Amino acid sequence: MELNQQFAALLGLESALRQAGSLAQLGYTIVNQSHGCVPYSQGVLLLGEQGRHLRVAAVSDIPVVDATSPFIAWTERLARHLAQSASFDQLQQWEPAQLPEALAREWREMAPERLLWVPLRLAADDGRQLGVLLLFRPTAWDERERGVLTHLAGTMAHALFALQRRLPFQRLVQRLRRRRVMLGVVLGLLLIMAVPVRLSALTPIRVIARDPQVISAPLNGAVTRLEVMPNQSVQRGDPLVQFEDTELASAFEVAQRALLVAEAELKTTQQSGFMDPRKKAQLAELASRVRLRQAERDHARSRLEKARLTAPGPGVVVLGDPDGWKGRPVNIGERIMLLADPAAVEVEAMLTVKDAIALRQGAEVRVFFDSDPLSARAARLHHAGYEPQRTPEGTLAYRLVARLDESASPAAPPRIGTSGTAKVYGERVSLFFYLFRRPITSARQWLGW
């Protein structure tokens, strides 16, 4: 029964390969549906003839390939290294121990321990290699699985060859073969490409507080409870956080009693000094001891007062999950929450490196909030980061901060945390540069200019 299921999966995969109408659809089919024939943990399709200039075209379980992600960059470096081996055009298995230390260390962090190198060779063209399929999993492949993949590699290579030969707009190309029509089209395209347009980029945004007050831990201790909830309005002096104060109260009580003892000793010595001149020599020492005990008492009282954190001014509490702070130990200076003015907000955006454009302070920004996607709010760029930061999605992006133009947008300020999309405008460029900016960048990187 299992053999019948595998045979049906093999027929289904070959049918899907023949029905693919684009390279993107074909790559998605290769890296995802091949699992029904031969199990694996991760599949990566790289295109490049004869093992040269291999680039990732598709990755299993990922709809869109991000060339800036660490996994994609490491996979291309690994494929280029393996393509230099003498048997790069043969199906073979690899392990981290067979590679240089740097690649092996990254392998153990990025993918399972076993790799099967599956070259996609075109039998109808003297075995010309169109690309390679990398399959990762924890265990090795047996002879039966290797035979199935050898058969599939030929089918995949033929499907790639068939799609690459297709010429879109074939009828239009035939009409443009006439010299006059071709010349007119070329001149028209040159004129159109010279039209100046504004360079722009789209980026997701969220509303953040402008110059919020940071509420941080004034001492080392554990949080007993939070006295406020997220988005709650507070006034100056309202309680915010209660820390564990049992030890602090005990320290204050001990310091208070030590002060009383020191004062009693000083008073007793002062009274007996009239009768015994030798006692007068101890007055200065006892007075210093009293002052020391007073300082210790005041310090203990100050620490006890810090156990109850209050609001330094009016504002709205910006806080995550309040239950996550109960019983949580904190250190001095650790941020607990923010106090923000709901009327003083700004917009934060993360512009990915591949979408980055030249920006100046004060550049125009159009903001579209998810709560009102049909209305645009005008804003001006206030800050743009010089160095990219790594986002939670694992990509590199520049942090942008824009402030809403209240004169142009008299509506109420958006709520802190609201998300949306912003269109950031740069300088004016030709339509040619606007359309081909990314291809030019990719070509420059590929050529190493």
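What volume does the second largest pocket have? The second largest pocket has a volume of about 490 Å³. The model is predicted, with local features needing pLDDT of at least 70 and side-chain atom pairs pLDDT 80 or more, while totals for chains, interfaces and linings use all residues. Residues are numbered from 1 along each chain as its sequence is written, and side-chain values use heavy atoms, without hydrogens and water.

A pocket is an open set of points on a 1 Å grid over the protein atoms alone, where a 1.4 Å probe fits, with protein on both sides within 12 Å along at least five of seven lines; lining residues have an atom within 4 Å of a point. A volume is the space filled by probe spheres set on the points.

| Pocket | Volume | Lining |
|---|---|---|
| Largest | about 780 Å³ | 21 residues |

A67, T68, K354, S442 and Q445 lie nearest the centre of the largest pocket. Helix α10 gives the most to its lining, with seven residues. Helices (H or I, at least four residues) and strands (E, at least two) are DSSP runs, numbered from the N terminus. The lining of the largest pocket has nine nonpolar, four polar and eight charged residues. Here Ala, Val, Leu, Ile, Met, Phe, Trp, Tyr, Cys and Pro count as nonpolar, Asp, Glu, Lys and Arg as charged, and the others, Gly among them, as polar.
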